[in-house]
Amino acid sequence: MDDMFKSESERLLRRPMNRRNFLSQSSKVAGIALGMTLANNFNGLKVEAAPQFTNYPFTLGVTSGDPLADSVVLWTRLAPEPLNGGGMPYHNIPVQWEISKDEKFHKLVDSGTEIARPELGHSVHVEVTNLQPNRQYYFRFIAGKEVSPLGKTKTLPPPGEQLANLTFAFASCQQFEHGYYTAYKHMAEENLDLVIHLGDYIYEYGPNEYIAKTGNVRTHSGPEIITLEDYRNRLAQYKSDKDLQAAHAAFPWIVTWDDHEVENNYADEIPEKGQSVEEFLKRRANAYQAYYEHMPLRRASIPHGIDMNLYRRFSYGNLIDFHVLDTRQYRDDQANGDGIKPPSAESMDPNRTLLGQAQEQWLLEGLSRSEAKWNVLAQQIFFNQLDFDTGEGIKYNMDAWDGYAANRDRILDHLIKEKVENLVVLTGDVHANWAGDIKKDYNDPSSEILGSEFVGTSITSGGDGAEKRKDTDAILAENPHIKFFNDYRGYVRCTVTPEKWTADYRVVPFVSQPGAPIETRATFEIRDQSPGLNLKKDNPLKTKIHKSNEVEGDRIKAQEEAHEKQMNKRGTLTP
């Protein structure tokens, strides 16, 4: 037995066993065996040297990710029948890859052959090394006689190098049924160094189980996803979208997940509803494997059963340290039964964790060691305190950092103790744009500002947006550290220099039909060593939804009532 496999197996078997631990650790050992098989290339299957495909195999496009100064991951998946488990035979398939300085591939830098294996859905993850730092490259794949679309990527600058600027975008929440991915079409046309995706890449619901307020315009291809093939098919359906493929092919992506990649509002090994722990752990293992198969992630992230390493750090010269977090896999269960609730002894328990002990320690140590001008938490859920009760009471979202206040306090205390400056938190999840200042004491409006949070809206989730919601003004008045809100769809473009951080809220006026234009709804700046948001531009949208795109009043009202009833029933009505 391989020493690594033996030692890990023995360590797991020494742990106290209850029913949950038994299934969890059995899955983990099986996952280690899978990882060893992939690493050592001994799955015993024949290699189909001259593969024949029932259809064009690169239906899911190409992308790159996890960039370093000398390395990047190139990704594709062979899927001639993407919604039918991929439609590939249970064989190993050789896939050639090429990376070049030019898009005609006259200046080839490196090439090779990677095996697309059925154990990972015939996905390909090529970790190219020995690249030049801060350099743009082009790449492609070849399988049999078929050539993939062209991809473009870029390496990071060397850690510590003096840099003048960085431009990137971040996005999240792309419910396929709720709208078209027009925002990604516009993103692909931006001049960006990289893209960060903050989760809810897919949604797990069956057809029309989750209805946007303005109605659904597309339909999920199968029932609520449970099995490995279910998750593969759902990810393939989302990745079949041409606008999403264009954004993936244009820039390297850094990805992390939220809840819907598995199940709404799950917490570590605890399902939301309707499943035993044993069944949920099987589901989680399926979801994690399918997520790895479809993302440009390194071998270090290959799932081991129900576990998958996703928190990691990227340094962009001396300008930014990106601390990419995982706020789902290690958290305690949501307090107070989840939902929007008053704080309680449970939610304020000083021992509660959102990150888990190992990840929290990793984050704090990274913040202490950082020599970058800006420190960024790229994460999923609302970080700032946000009181939803516009009266005399207090209500917080138990699924967000407010439900794990002690974990947030430990991070803020560390910032003060270690004198960490220029903290920026990037957030997704809530399907709306927000911007706010991170305070030492949220209950004191004059309290010290420790950093700022940019909350990006969804790509589509929620359907067509709006300028505001009925309670927006009252919520902003209740939370004076929150400076901005709107409900349109899109992404946030950030331009960073040593002197300032500029965030442009890029939005589209509708997603219920293709072809929406892109506009900058608002622009904020943060100055170096001068914490706090400065609103530079506040532009109401000029382009409105076409009349033909509007829905009759009675239908809108009925759908809004159904949507609110649905979300309240699930305990997930968020801002």
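User: Which residue caps the N-terminal end of H5?

Analyst: The model is predicted; local features need pLDDT of at least 70, side-chain atom pairs count only at pLDDT 80 or more, and totals for chains, interfaces and linings use all residues. Numbering runs from 1 along each chain as its sequence is written, and side-chain values use heavy atoms, without hydrogens or water. A side-chain oxygen lies 2.9 Å from the backbone nitrogen of Asp243. The residue that supplies this oxygen and caps H5 is Asp241.

User: Which residues of helix H5 are buried?

Analyst: Helices are DSSP runs (H or I, at least four residues), numbered from the N terminus. H5 spans residues 242-250. Buried means under 20% relative accessible area, with a 1.4 Å probe and protein chains only. The buried residues of H5 are Leu244, Gln245, Ala247, His248, Ala249 and Ala250.

User: What covers the buried residues of H5?

Analyst: Contact means heavy atoms within 4.5 Å. Strands are DSSP runs too (E, at least two residues). The cover includes helices H3 (182-188) and H4 (228-239). It also includes strands E1 (62-65), E8 (151-154) and E11 (252-255).

User: How many of the residues in the protein are buried, in %?

Analyst: The protein has 575 residues. Its secondary structure comes to 10 helices and 24 strands. The buried share is 60%.

User: What pLDDT does the protein average?

Analyst: pLDDT is the predictor's confidence in each residue, from 0 to 100. It stays under 50 over residues 26-30 and over residues 567-575. Across the protein, 87% of the residues score at least 70. The average is 90.

Terms used
Buried means under 20% relative accessible area, exposed over 50%, partly exposed in between (1.4 Å probe, protein chains only). A polar contact is a pair of N or O atoms within 3.5 Å; within protein, one must be able to donate a hydrogen and the other to accept it, and residues adjacent in sequence count only if both atoms are side-chain atoms.
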